[in-house]
Each structure stands twice: as structure tokens, then as C-alpha cells.
Amino acid sequence: MNFEFTDLQVKPSNNRHGEGFRDKHKIYIFHDKESIVDNIMERQNRPYETYKELVLPKLMELLDFKFPSHHASVMKEKWGWRQNCGCSACPCSPGFVGNNGVVIPLDIFVTIKIN
Ligand SMILES: [Zn+2]
């Protein structure tokens, strides 16, 4: 899979819905120009093994470049895919959750464009 990043945002988490993961860093991966309907259809069918193998290492490089102050904390994580990453009530918000509890959990939103 060839891809490029088209957007990256890092914010302190204000998520009140991912009950079990409140003190963990999270990564949400979006697909460039995906429609809402496609997103709803695909959100339970994301290629997370591919994300883990190809997207996460590149994302760590990009974070180091764009958000160096967050990089050390994020680099330590082992990332696990969770269908309920951002929402404990339903599978609407899948993503990667870090394994460490942290004082200031970050929400990392990244958009990829598959070429
Ligand atoms: Zn939900």
C-alpha cells in the first residue's frame, strides 16, 4: 500500500466516551475524501494490520518532525487496535490505543491518502 499523509492533528484528549481508555494516547486514522456513508460502511472493517505495519511507523516519524514535544511520550507506546477506542457504547470510533497510562492523553488524528 502506497500512501501519503494529508492531515495530522494532535490534541489533548477531551473524550468522555472511551470509558476504559481515558488516560491513554489514541490514534484515529481517516481516509482522505472518504464520504460519511463510506466511513460508516467501512469503520468496522479497517485494515488495522496494514495500518500497524505501514502507517504507524511513518506516523511516528511525522510526529517527531511536526510535534517533537509529544514525540518521546508517544514513541514509548505499544499500540493496540480497539474497535471501541473512542466510544465505549458502540463500534463507531475505532482506533489505536496506547498501552501506558499518561497524565495528558493525546488524541492523534491522521488522514491518509492511498495512492
Ligand atoms: Zn459509538
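Leaving out residues up to four places away in sequence, F96 touches K26, I27, W79, G80, W81 and C85. A contact here means C-beta atoms, placed from the backbone, within 7 Å of each other. The model is predicted: local features need pLDDT of at least 70, side-chain atom pairs count only at pLDDT 80 or more, and totals for chains, interfaces and linings use all residues. Numbering starts from 1 along each chain as its sequence is written.

**Exercise 1. Find the order of the strands in the open sheet, then name those at its edges.**

Step 1. Helices (H or I, at least four residues) and strands (E, at least two) are DSSP runs numbered from the N terminus. Two strands pair if DSSP finds at least two bridges between them.

Step 2. Read across the five strands. The order is β1-β5-β2-β4-β3, and the pairing is mixed.

Step 3. Look at the ends of that order. β1 (3–12) and β3 (80–82) each have a single partner strand, so one side of each is left without a neighbour in the sheet.

Step 4. From one strand to the next it averages 25°. Angles run from 0 to 180 degrees between N-to-C directions, and axes are lines fitted to C-alpha atoms, for helices over the stretch in contact.

**Exercise 2. State the sense of each strand pair and how many bridges join it.**

Step 1. β1 and β5 run antiparallel and are joined by nine bridges. F5 stands opposite I112 in β5.

Step 2. Move to β5 and β2. Their sense is parallel, over six bridges. I112 in β5 also has H31 opposite. F30 has T111 in β5 as its bridge partner.

Step 3. Go on to β2 and β4. Two bridges join this antiparallel pair. Here I27 stands opposite F96 in β4.

Step 4. Finish with β4 (residues 95–97) and β3. They pair in the antiparallel sense over three bridges. R82 has G95 in β4 as its bridge partner.

**Exercise 3. Decide whether V97, L8 and K33 are buried, partly exposed or exposed.**

Step 1. Buried means 20 or more other C-beta atoms within 10 Å of the residue's own, exposed means 12 or fewer, and partly exposed lies in between.

Step 2. Take V97, in strand β4. V97 is buried because 22 other C-beta atoms lie within 10 Å. Beyond four places in sequence, V97 touches F21, K24, K26, G80, R82 and C85. K26 is 71 residues away along the chain, yet the two C-alpha atoms are separated by 4.6 Å.

Step 3. Take L8, in strand β1. L8 counts as partly exposed because it has 16 C-beta neighbours inside 10 Å. Its contacts, leaving aside neighbours within four places in sequence, are L62, K66 and V110.

Step 4. Take K33, in the loop between β2 and α1 (36–42). K33 is exposed because 9 other C-beta atoms lie within 10 Å. Check its backbone too: phi is positive, about 60°, although K33 is not a glycine. Most residues other than glycine have a negative phi.

**Exercise 4. Which residues touch the most other members of the largest nonpolar core?**

Step 1. A nonpolar core is a set of buried Ala, Val, Leu, Ile, Met, Phe, Trp, Tyr and Cys residues joined through C-beta atoms within 7 Å.

Step 2. The largest one has 15 residues, and I27, F96 and V110 touch the most other members.

Step 3. Trace the elements. α2, β4 and β5 are those that give two or more residues to this core.

Terms used: Two residues are in contact if their C-beta atoms, placed from the backbone, lie within 7 Å.
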